[in-house]
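Visitor: I've got a protein open on my screen and want a quick tour. Can you walk me through it?

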Amino acid sequence: MCNGFTLQEALDILFDADDEYQAQVREIYIEPPEANILTDEDSGDEDGAGAIDNLTGRQLLARAEIRLENNDRIGDFSTLGNPLPPTKVIDQIPSISTDIDKFIIQNEKWVRNRQKPIPKWITGDFDDRVQSFPTPNYNHLSNMTPIELFELFLTDEIINLLVDETRNYTLFKNCNDQNITCNEIRCFIGILLLSGYNQVPSKRHYWEQDQDVHNVLVSNSMRRDRFFQIMKFIHCTDNNNLNANDKAWKLRNIMEKIKSRCIENFIPVQNINYDESMIKYFGRHSCKQFIRGKPIRFGYKMWCLNSADGYLINFDIYQGKLPNGKPNYENIFGKCTAPLIYFLENLPPEKRKLPFRVFCDNLFTSSNLLSFLRDRGYSGTGTIRENRLGKDFPLIGKKLFLKKQTGECASIIEKNDGIIYARWMDNSVVTAASSSIGVKPISYVQRYSQKEKKKISVPRPYMIGEYNKYMGGTDLMDQNIATYRISIRGKKWWWPIFTWLIDVSVNNAWVLQRKVKPNMPQLQFRREIVRNLLLKYGTKPKVGGRPSTSMSSVSCNRISDDIRYDGKNHLIIPTPEKKRKRCAGEGCSSSIRTMCEKCNVGLCIECFKIFHSVTY
């Protein structure tokens with residue numbers, strides 16, 4: 001191809017430019033087209049002479065030069081060497097921003113149709129291109145309890161939002177009870193989290209008095225009908241502020257707030273991955289997806305940016321098209337890959353400048369994405385589909401490569417883009433591409449050989465090993481959530497997403513907890529959050545009639561041993577309004593006006609020490 005602009009590229013630039021710039025154009029010169037075209041037939045009807053459609057294919061591919069009224073030349077014929085890269089072209093065009101992102105957004109058609117230089121394939125391998133990355137600092141997390149870590153994500157601001165919008169919705173529905181409090185919302189969330197690891201046939205069973213299903217902690221923190229009432233009216237957005245362009249408008253407020261908390265509390269690590277996550281849903285909604293072969297086939301699709309240990313950095317729901325107000329990268333990178341660019345741009349400036357290594361699978365990987373990430377200072381690595389490699393891709397085709405032995409590997413480097421492609425024979429053919437990670441050093445993995453009827457060592461490229469090591473962050477997050485997923489179901493379309501947001505907050509808090517306490521299991525972490533929420537913010541229902549003879553044993557059972565025997569901040573204080581309480585000590589039937597401030601149970605002075613002793 002000739003150097004400089006083609007006529008098609010020059011016309012696209014002029015059509016996309018503003019009127020002021022078009023007025024400065026004096027004429028367009030083209031070189032004689034190449035003669036090796038089989039036909040000179042026009043692409044349009046004769047009645048439209050002079051239109052673009054009447055230019056032949058040879059003319060559109062011919063080299064062109066734009067001359068302005070001030071005699072400036074764009075695409076000068078005298079320019080030698082390779083065609084000017086896009087940034088150089090932009091600098092020569094007045095009235096168009098020199099910012100590459102703005103130019104891409106304003107001139108998507110030109111970017112799509114721009115002729116790329118002929119690929120130059122060379123053999124070789126990449127040197128170690130891993131850039132230095134600051135060591136993560138987790139010291140500030142060492143003294144934080146599970147509930148404090150959880151409240152880093154589900155903050156007071158979010159609780160107040162739920163309270164305000166729920167009250168507004170009760171007014172909207174003409175409901176008399178509008179006195180929903182922050183403590184009730186926290187207690188409500190605690191019961192939802194408890195349902196993830198303590199499941200019963202239905203949510204009503206938590207309040208049943210039968211011993212096989214009755215849950216003392218739940219029934220003593222909130223009345224059953226109050227829980228159902230909050231679940232009926234809980235809201236995140238004012239129904240009067242409908243955004244027709246956003247299908248997730250019902251949850252947009254809380255989603256954006258949790259996103260900001262996830263980004264703010266993200267302690268940068270070098271290896272991050274981008275993938276999709278499914279939220280189970282079987283109802284009717286335009287955002288519902290079906291993906292064959294996934295553990296969750298029906299539901300909402302979330303685009304997720306995760307660290308390798310499962311921390312969710314940023315996310316967004318897939319709804320076909322992006323809401324208004326976001327720049328349009330879809331025509332350049334595709335609908336699946338465009339959210340990744342937004343996620344990286346949403347990072348704070350001090351985090352955005354770090355040299356992250358981004359991993360993604362073959363749904364997202366392309367040469368355009370890897371080149372874009374490299375130009376932004378990031379490393380991109382991922383498996384790539386066969387139809388994105390181009391017809392001139394020099395490596396052996398997938399069908400022929402299947403005949404090779406397990407462990408065979410071939411690689412090639414595209415010189416212009418600076419991307420290495422590797423094809424490896426595993427149980428099937430795997431093709432990967434990277435802008436920074438090479439094939440060597442070779443590692444070895446165990447594979448079962450049908451021929452030898454035993455496991456053998458198989459060589460594996462370094463690029464594939466790094467991909468396997470750091471790509472599974474989103475899947476790890478899905479696994480953590482699925483283990484103790486909130487089991488209380490609702491009939492509203494947004495309920496699964498709402499509970500997913502709560503589970504994600506717990507997951508991120510637990511990932512941070514494991515940085516300083518690696519041996520804490522997720523079940524223990526969730527139980528401590530639930531006990532703190534229900535014991536601290538719950539209100540025991542008033543029960544009429546004479547107290548049961550087993551009142552003391554019930555009082556003992558509803559106090560967690562972790563709290564009862566921790567030996568911290570247990571103080572004996574007067575009961576509220578000096579009302580009498582039954583002593584929780586075993587065998588004590590005293591009706592006293594003293595209680596434990598932390599355990600929130602009545603205790604006489606004689607039973608106070610015995611009650612908090614392990615030998616009790």
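**A tour, starting with the rings**

Guide: Ring pairs tie F188, Y206, W207, F227, F228, W494, W495 and F498 into a cluster. Rings of Phe, Tyr and Trp (its six-membered ring) pair if their centres lie within 6.5 Å; planes under 30 degrees apart count as stacked, over 60 as edge-to-face and the rest as tilted.

Visitor: Before we go on, what kind of model is this?

Guide: This is a predicted model, where local features need pLDDT of at least 70, side-chain atom pairs count only at pLDDT 80 or more, and totals for chains, interfaces and linings use all residues. Numbering runs from 1 along each chain as its sequence is written, and side-chain values use heavy atoms, with hydrogens and water left out.

Visitor: Back to rings, then. How many aromatic pairs does a search of the whole structure find?

Guide: The search of the whole structure finds 31 aromatic pairs. One of the pairs is F359 with Y470, which is tilted, at 5.7 Å centre to centre and 35 degrees between the planes. That pair links distant parts of the chain: F359 is in strand β10 (residues 357-360) and Y470 in helix α18 (residues 462-470), 111 residues apart. Helices (H or I, at least four residues) and strands (E, at least two) are DSSP runs, numbered from the N terminus.

Visitor: Are F359 and Y470 buried or exposed?

Guide: Both F359 and Y470 are buried. Buried means under 20% relative accessible area, exposed over 50%, and partly exposed in between (1.4 Å probe, protein chains only).

Visitor: Which charged groups sit over rings?

Guide: The charged end of R186 sits over the ring of Y537, 5.1 Å from its centre. K301 lies over the face of Y318, at 5.2 Å from the ring centre. The test is that NZ of Lys or CZ of Arg is within 6 Å of the ring centre and within 35 degrees of the ring normal.

Visitor: New topic. What does β8 pair with?

Guide: Strand β8 (residues 298-307) pairs with β9 in the antiparallel sense over 5 bridges; strands count as paired if DSSP finds at least two bridges between them. L305 stands opposite N314 in β9. The hairpin has 4 residues between the strands, and G310 there takes a positive phi near 100 degrees.

Visitor: And why is β9 called largely enclosed?

Guide: Because 6 of the 6 residues of β9 (residues 312-317) are buried, the strand is largely enclosed by the rest of the structure. Helix α14 (residues 338-345) is mostly covered too, with 7 of its 8 residues buried.

Visitor: What about Q513, where is that?

Guide: Q513 is in helix α20 (residues 495-516), and at 0% relative accessibility Q513 counts as buried. Leaving out residues up to four places away in sequence, Q513 touches M144, T145, P146, L149, M520 and F525. Contact means heavy atoms within 4.5 Å.
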